[in-house]
Amino acid sequence: MTDKTDLIQPDRDQDAVAIHLVNEASFSDWKKGLSGGQRTALDAQKFTGGGYETAIVPDGDGWFAVGGVADPQSLSSWCLARLAEVLPAGTYRLNSGDAGPALHGWQTAQYRFDRYTKDDKAQGPRVLLTKQVKAIDGAKAEAQAVCTVRDLVNTPAEDMGPAALEEHAEKLAKRFGAKLNIVRGDALERGFPMVHAVGRAASRHHAPRLIEFEWGKEGNPRLAIVGKGVCFDSGGLDVKSAAGMKLMKKDMGGAAHALALAELIMQAELPVRLHCIVPAVENAISSNAFRPGDVLNSRKRLTVEIGNTDAEGRLILGDALTLASEHDPDLILDFATLTGAARVALGPDLPALMARRDATADALVAAGKAHDDEPWRLPLPDAYREYLKSDIADTNNAHSNPYAGASVAGLFLDKFVGDGIDWAHFDTFAWRPFAKPGRPKGGEALGLRAAYHMLRGRYAA
């Protein structure tokens, strides 16, 4: 978020402007208790109690705010977001009840990406007071994690290359006392050959690397979090169109999710042995770029024929998932901006979820629904495994027919996860093409809060 002000603070009866919440059903009766002048002010602002409507109502020498929500007694994460976007700078409290989950949207609505430009007319902070003192730290942490994803994804590739992802991971490791390990450049050839192949065409400034850190007590259940870190994707020699390349700074959105989730886990001190892995590359075009038709070795010693150099994210994830599997984790979660097919199927708001175990998928979906971050499960059908068949290698990285693109990509990843390991995969967009209250256009965390709350339910003492 743009400034460091605490946007939610304990309510100790300090001065604050009241916020009244109504809906269309209750508005008429509520309005009857107002003065004629106040009703006129509402009419002038065309306020009817509809969702995300806001108004300012004079009250003696001061004023109060009113917002329209679906149900004043049951708020969602986004119910107060529009108010947080449009109200004047100042301190506020709800007239009755407490914000609950809406603490999240109050904060994320005030996010601004201002690394490259300053808005001299920007509003100052809007602070919300709450009696939910025990919820403040957690709500702040979740909002900050979402804003971390937004910042990382919104930053252009020249300033958010593999080295910048490494720097971010290094800061996290130092902050929480995690053990960091980095493998860079040509050193990747031996242990992570697919990461090396995808990233070798980039300049030295954007040389590929495998970033990993471990945190937590050895005896705790091992949890692996893996994130796709393609910091820019030209498509390689199967080059993308100009339109297809325009948003490819966001192709490291999986890495952004993994790093933000790792920070949440460490900050909450979940009793796990965390293993965070980010393969970071730029899929560039040069004389040494990997080619369609090449056969790559992998860390798992499966050979992979390259059917399409633009299906590169699954290659680097294959090596990373193999590494995660070698430590026999209790669970692997990976995040990746993997396929356009998932967006065609589900649109920009719903991250696709694939999982080996029904119970794990159900827990992730339930956590997402409860925290307004719902994923949608797609299958991993055995019948489609044949789509990845190669005549000259153990597998192809891309299938030639137009069907089930997201699921087939998931099936490719499944080849590199150890037998019997509980694994779930998020094919997330990491981008919001249209602004909504609390959710500005640009980089976005989609699936992050679902994963975090599922993990809290699974591992919290």
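**Entry 1: H10 and H15.** I started with H10 and helix H15 (residues 448-459), whose axes cross at roughly 35° and come within 10 Å. This is a predicted model, so I kept that in mind throughout. The handedness I noted for the crossing of H10 and H15 is right-handed. Next I looked up who touches whom: H10 brings His257, Ala260, Leu261, Leu264 and Ile265, and these meet Leu448, Ala451, Tyr452 and Leu455 of H15. Sorted by class, the residues of this contact are eight nonpolar and one polar, with no charged ones.

**Entry 2: H5 and H15.** I stayed with H15 and turned to helix H5 (residues 133-154). The two axes lie 11 Å apart, at an angle of about 140°. H5 and H15 are therefore oblique to each other. I noted a right-handed crossing here too, as H5 passes H15. On the H5 side I listed Glu142, Ala145, Val146 and Val149, and on the H15 side Leu448, Arg449, Tyr452 and His453. The contact of H5 with H15 comes out as five nonpolar, one polar and two charged residues. Leu448 and Tyr452 were already in my list for H10, and they turn up again in the contact with H5.

**Entry 3: H6 and H10.** Back to H10 (residues 253-267), now with helix H6 (residues 162-176): the packing angle is about 5° and the axes are 11 Å apart. H6 and H10 are therefore roughly parallel to each other. From H6 I wrote down Leu165, His168, Ala169, Leu172, Arg175 and Phe176, and from H10 Ala255, Leu259, Glu263, Met266 and Gln267. Their classes are seven nonpolar, two polar and two charged.

**Entry 4: the largest pocket.** Which residues lie nearest the centre of the largest pocket? I found Lys240, Asp310, Leu338, Thr339 and Gly340 there, out of 25 residues that line the pocket. Helices H11 (313-325) and H12 (340-346) are the elements that each give two or more residues to this lining. The most comes from H12, with three residues. I also looked up the space inside, and it is about 610 Å³. By class, the lining holds nine charged, nine polar and seven nonpolar residues.

Terms used: Residues numbered from 1 in each chain as written. Predicted model: local features only at pLDDT ≥ 70, side-chain atom pairs only at ≥ 80, totals over all residues. Heavy atoms only, no water. 1 Å grid on protein atoms, 1.4 Å probe; cavity = no way out; pocket = protein on both sides within 12 Å on 5 of 7 lines; lining within 4 Å. Points joined across faces, edges and corners; volume = space filled by probe spheres on them. Helix = DSSP H or I, 4+ residues; strand = E, 2+ residues; numbered from the N terminus. Nonpolar A, V, L, I, M, F, W, Y, C, P; charged D, E, K, R; others polar. Axes fitted to C-alpha atoms, helices over the stretch in contact; angles between N-to-C directions. Parallel < 35°, antiparallel > 145°, perpendicular 65-115°, else oblique. Contact = heavy atoms within 4.5 Å. Left-handed = near helix turned anticlockwise from the far one by under 90°.
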